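User: Could you take a close look at one part of this model for me? I would like to hear about the aromatic side chains and what surrounds them.

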Amino acid sequence: AACVQLTPVRSVFHWDDRVEQDDEILLVAKARRDRFEASVALIQDLHSYELPAITFHPTAPSEPTATWIDQSLGTAENDT
């Protein structure tokens with residue numbers, strides 16, 4: 001990711017047939033679609049939850065922001 005934002009949140013969710021509550025950290029990663037699968041794998045490997053909630057929200061960044069992300073991550077054509 002070119003940038004990661006971490007925000008404390010209070011989550012309420014269904015788990016094991018119960019409604020649970022917990023203090024969590026919401027992570028928003030600014031990256032490209034071609035990095036999503038690798039990001040998911042890394043988060044799943046590192047996270048303490050059995051099932052961390054990982055979602056992808058496509059956006060249309062401004063051209064300067066897209067350029068900055070590409071410069072930070074390397075362009076998609078150069079990814080290996």
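Analyst: Happy to! Let's start with Phe-36, which is partly exposed, at a relative accessible area of 21%. That value is just outside the buried class, because buried means under 20%. Please keep in mind that this is a predicted model.

Which residue does Phe-36 pair with? Its partner is Phe-56, and the two rings form a tilted aromatic pair, with 5.3 Å from centre to centre and 55° between the planes. The angle counts as tilted because stacked planes are under 30 degrees apart and edge-to-face planes over 60. The structure holds one aromatic pair, and this is the one.

Phe-36 belongs to helix H1 (residues 36-46), while Phe-56 sits in the loop between H1 and helix H2 (63-73), so the contact ties together parts that are 20 residues apart in sequence.

For some context elsewhere on the surface, Val-4, Leu-6, Ile-25 and Leu-27 form a nonpolar patch with about 390 Å² of accessible area together. Strand E1 (3-15) and strand E2 (18-30) are the elements that each give two or more residues to that patch. One of its members, Leu-6, is found in strand E1 and is exposed, with a relative accessible area of 58%.

Key
Residues numbered from 1 in each chain as written. Predicted model: local features only at pLDDT ≥ 70, side-chain atom pairs only at ≥ 80, totals over all residues. Heavy atoms only, no water. Patch = residues over 30% accessible without salt bridge, like charges linked within 9 Å, V, L, I, M, F, W, Y side chains within 5 Å. Areas by Shrake-Rupley, 256 points an atom, 1.4 Å probe, with all protein chains shown as cover. Salt bridge = Lys/Arg side-chain N within 4 Å of Asp/Glu carboxyl O. Helix = DSSP H or I, 4+ residues; strand = E, 2+ residues; numbered from the N terminus. Buried < 20%, exposed > 50% of the residue type's maximum accessible area, 1.4 Å probe, protein only. Phe/Tyr/Trp six-rings, centres within 6.5 Å; stacked < 30°, edge-to-face > 60°.
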